[in-house]
Amino acid sequence: MADKADEKKITPRSQDFAAWYNEVVLRAELADYSPVRGCIVFRPQGFAIWENIQAELDRRIKRTGAQNAYFPLFIPESFIRKEATHVEGFSPELAVVTHGGGKQLEEPLVVRPTSETIINYMFAQWIKSYRDLPLMVNQWCNVVRWEMRTRVFLRTTEFLWQEGHTAHATREEAEQETLAILELYRDFCESYLAIPLVWGRKSAAERFAGAVETYSIEGLMGDGRALQCGTSHFLGQNFARAFEIRYLDQNNQLQYVWQTSWGVSTRLLGALVMVHGDDQGLRLPPTVAPTQAVIVPIWRKAEERKPVVDACREVYQNLCQVGVRVRVDEREGVTPGFKFNEWEMRGVPLRIEIGPRDIAAKVATLVRRDQTGPQGKLASPLERLAQSVTELLEDIQQSLYRQAKAAMDQATTEPQSFEELRAQMEGEGGGGFANVYWCGQPSCEEKIREETKASCRAIPLNQDVPQGPCIVCGQPAQERAFFAKAY
RNA sequence: CGGGGCGUGGCGCAGCCUGGUAGCGCACACGCUUGGGGUGCGUGUGGUCGCCGGUUCAAAUCCGGCCGCCCCGACCA
């Protein structure tokens with residue numbers, strides 16, 4: 001009997017995080033494996049989350065003045081080679097098409113790993129004058145990177161993302177844009193996805209191939225490892241020079257443009273699972289949840305069925321009217337208990353139970369996904385249910401953020417010595433963010449990576465901290481940086 | 001590419017040592033039952049046992065070869 005119950009449960013998160021993660025993704029029906037190695041299928045439950053992310057992010061991006069466009073999937077191989085660092089960074093992971101229409105192609109076509117080259121090729125033709133600037137485009141698309149080792153959502157051969165590309169007249173303006181997008185991503189992740197972050201500049205070793213500076217937002221997953229959740233790059237004039245993107249300024253002088261690029265991907269789905277999920281499955285913040293509330297009718301005798309179902313449908317209508325994404329689970333032949341577990345696995349933030357007892361008392365029983373046990377359960381009068389639900393969803397959003405923030409804060413330390421850092425990162429259970437003084441030398445960063453497996457995740461901006469000794473070499477350091485084991 | 005492991009209904013596995021009608025749990029279909037935390041019972045669908053060859057009257061099982069997948073390492077803006 002115990003075995004049978006266990007069979008329906010997933011591997012506990014604390015027992016084997018990787019197994020837990022895979023089981024949640026599969027059982028919540030977010031994604032499935034495909035016949036092609038490293039490629040996944042986004043199932044309706046997972047894709048609906050991505051669509052919500054897209055919709056909200058798209059609004060926010062457009063508010064900055066960027067416009068959506070679409071560039072080709074195929075890029076002439078020679079384009080990738082035009083920017084030296086870029087080609088070095090991407091060559092090993094390119095998928096290349098050599099044949100088409102039954103014939104070998106004159107020039108192989110690269111399946112885009114990112115679209116800097118082809119977009120900038122077009123930019124060069126569109127930009128003539130300072131009056132054409134700034135030029136800001138965004139595209140939602142798929143990209144392909146032939147990774148050696150893949151993980152669902154976190155690193156897949158093909159993934160979906162949004163990539164923004166901008167060109168500006170001045171360095172200052174481009175730098176400002178880079179940071180504005182970083183802030184846009186930060187706010188989006190924290191407020192919309194309820195994922196707390198650290199953020200800042202990347203070290204040279206972690207920088208995007210072809211960028212002058214890379215900035216990122218970094219989340220901390222449930223197992224103590226960091227996940228890069230979005231990047232914003234200041235490209236300087238690297239691509240402008242490679243692709244001859246020049247404009248005439250007010251003084252009739254030819255100038256190279258200054259550029260940025262930035263993106264977030266379907267990796268965010270992985271972050272949602274790993275930040276919020278628990279042993280019951282997924283837990284979704286209400287803002288991004290495709291279904292925010294599910295109504296489960298409960299009845300025993302045949303004559304109880306109609307009043308219960310009628311009450312459920314009425315509540316459904318009322319909630320729809322106030323904009324709650326709600327559904328009624330009227331399936332027969334499965335018990336309420338089964339439904340409870342299933343919707344919990346899928347991460348629905350709020351469950352509304354309506355049975356004969358509730359109807360008699362003129363209430364509905366509300367059960368919040370973010371709290372287990374009796375404290376997550378409350379009776380709410382039917383007459384002001386819509387308001388209660390709306391308020392509860394808001395509260396659940398805050399609560400999920402607070403829980404994640406508390407976990408991140410608890411896992412964030414300020415080790416004073418290299419030994420302390422090493423001890424923190426050691427073993428499977430080791431991890432978290434280590435906020436340390438670092439002199440900025442690549443050799444010290446490399447030593448940390450070699451000996452602790454932790455890499456530099458972000459160097460916070462506008463630091464106002466006293467000088468201290470580099471945690472590796474002891475030389476005076478002006479800055480602190482976050483190190484962590486990363487996905 | 002190096003080290004380790006595994007290929008048997010959709011999923012997880014047993015059977016292989018000692019050759020003889022391919023089995024269990026879950027899932028799925030139907031019926032009754034049940035229903036406020038994964039209800040129980042019954043009936044049923046579904047597999048050329050990764051591929052090729054060999055030994056044998058007979059191969060999931062023994063032998064040889066090949067292929068694929070997973071884990072660890074190397075690698076990864």
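Contact here means heavy atoms within 4.5 Å. The model shown in these views is predicted.

View 1. Leaving aside neighbours within four places in sequence, T150 is in contact with G38, R155, T156 and T157. T150 counts as partly exposed because its relative accessibility is 24%. R357 lies 207 residues away from T150 along the chain, and the C-alpha atoms of the two are separated by 50 Å.

**View 2. The open sheet of seven strands.** The strand order is β3-β7-β8-β14-β11-β10-β9, and the pairing is mixed. The edges are formed by β3 (67–68) and β9 (197–201); each has a single partner strand, so one side of each is left without a neighbour in the sheet. Within this sheet, strand β10 (residues 213–220) and strand β11 (residues 226–236) run antiparallel and are joined by eight bridges. One of the residues involved is E213, whose bridge partner in β11 is F234. Helix α3 packs on the sheet, where it touches β3, β7 (135–144), β8 (158–168) and β14 (258–265). The direction of α3 makes about 165 degrees with that of β7.

**View 3. The crossing of helices α3 and α7.** Helix α3 spans residues 44–63 and helix α7 spans residues 171–192. Their axes come within 11 Å and cross at roughly 140 degrees, and α3 and α7 are therefore oblique to each other. The crossing is right-handed. On the α3 side, the residues that meet α7 are N52, I53, E56, L57, R60 and I61. Their counterparts in α7 are L184, Y185, D187, F188, S191 and Y192.

**View 4. The hairpin of β5 and β6.** Strand β5 (residues 95–100) and strand β6 (residues 103–111) run antiparallel, joined by five bridges. H99 has Q104 in β6 as its bridge partner. Two residues lie between the strands of the hairpin, and G101 takes a positive phi near 60 degrees.

**View 5. The open sheet of four strands.** Here the order is β20-β21-β25-β22, with mixed pairing. At the edges stand β20 (412–413) and β22 (455–458); one side of each is left without a neighbour in the sheet, because each has a single partner strand. β20 runs parallel to strand β21 (residues 433–438), and two bridges join them. T412 stands opposite F433 in β21. Helix α14 (residues 418–425) lies across β20, β21 and β25 (479–484). The helix runs at about 160 degrees to β21.

View 6. A disulfide is a covalent bond between the sulfur atoms of two cysteines. C312 counts as buried because its relative accessibility is 0%. C439 is in no disulfide either, and the nearest cysteine sulfur, that of C444, is 3.7 Å away. The cut-off for a disulfide is a pair of cysteine sulfur atoms within 2.5 Å. C439 is partly exposed, with a relative accessible area of 24%.

Terms used: Residues are numbered from 1 along each chain as its sequence is written. Chains are lettered from A and ligands numbered from 1 in the order in which they are written. This is a predicted model: local features need pLDDT of at least 70, side-chain atom pairs count only at pLDDT 80 or more; totals for chains, interfaces and linings use all residues. Side-chain values use heavy atoms; hydrogens and water are left out. Two strands pair if DSSP finds at least two bridges between them. Buried means under 20% relative accessible area, exposed over 50%, partly exposed in between (1.4 Å probe, protein chains only). Axes are lines fitted to C-alpha atoms, for helices over the stretch in contact, and angles run from 0 to 180 degrees between N-to-C directions. Angles under 35 degrees count as roughly parallel, over 145 as roughly antiparallel, 65 to 115 as roughly perpendicular and the rest as oblique. A crossing is left-handed if the near helix is turned anticlockwise from the far one by less than a right angle, and right-handed if clockwise.
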